[in-house]
Amino acid sequence: MKVVDRFLLKGLLTKVGLFLFMLAGIYLLSDAIEKSKGLGEGSYTLADHGYFLLLRLPQILYQMAPFAVLLGTLGFLSELVRQGELVALRSAGLSMARLTRPLLLGGLLVSLLAFALQDQVGGPL
């Protein structure tokens, strides 16, 4: 793997991870607020509430992965354009097909990880 490929793949996966963390956090927060209305009724305690949210995390990550890949890719490419790195890579002789190869690989990697997470850890939707 060449240096340019590692640079693009690392930048993409960093942005995708950041967006996945943010989207999952927003989803968990809204889910926590919605489900907290039943706290204190019967034997449903705060510890049960936290355990419930923890068990929902694989499903939430699976649902948010496509959006995180889309937003992460757009954010990473706009960062490359804003800093002039995309122009530098193009002027160095790299074609658009060559530049998109690591991005496609990163999207495929995230989708395979999301599939494995849902298949092995998460339950049915």
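A: Leu105 is found in helix H4, which covers residues 96–120; a helix here is a DSSP run of H or I with at least four residues, numbered from the N terminus. This is a predicted model, in which local features need pLDDT of at least 70 and side-chain atom pairs count only at pLDDT 80 or more, while totals for chains, interfaces and linings use all residues. Residues are numbered from 1 along each chain as its sequence is written, and side-chain values use heavy atoms, with hydrogens and water left out.

Leu105 counts as partly exposed because its relative accessibility is 41% (buried means under 20% relative accessible area, exposed over 50%, partly exposed in between, with a 1.4 Å probe and protein chains only). Together with Met1, Leu108 and Leu112, Leu105 forms a nonpolar patch on the surface, with about 410 Å² of accessible area in total. Such areas come from the Shrake-Rupley method with a 1.4 Å probe, and for residues only the protein chains shown count as cover. A patch is made of residues with over 30% relative accessible area and no salt bridge, where nonpolar side chains (Val, Leu, Ile, Met, Phe, Trp, Tyr) are joined within 5 Å and like charges within 9 Å.

The average for the protein is 90, and 97% of the residues score at least 70.

H4 also meets H1. The buried residues of H1 pack against H4, helix H2 (46–82) and helix H3 (85–91), with contact meaning heavy atoms within 4.5 Å. Among these buried residues of H1 are Asp5, Leu8, Leu12 and Asp31.

Asp5 also takes part in a salt bridge: its side chain meets that of Arg98 at 2.5 Å, N to O (a side-chain nitrogen of Lys or Arg within 4 Å of a carboxyl oxygen of Asp or Glu). The pair links distant parts of the chain, with Asp5 in H1 and Arg98 in H4, 93 residues apart. Both Asp5 and Arg98 are buried. In general, side chains of opposite charge can pair when their charged atoms come close.

The structure holds four salt bridges. Another one joins the side chains of Arg56 and Asp31 at 2.9 Å, N to O. Here Arg56 lies in H2 and Asp31 in H1, 25 residues apart, and both are buried.

How values were computed
Helix = DSSP H or I, 4+ residues; strand = E, 2+ residues; numbered from the N terminus. pLDDT = per-residue confidence, 0-100.
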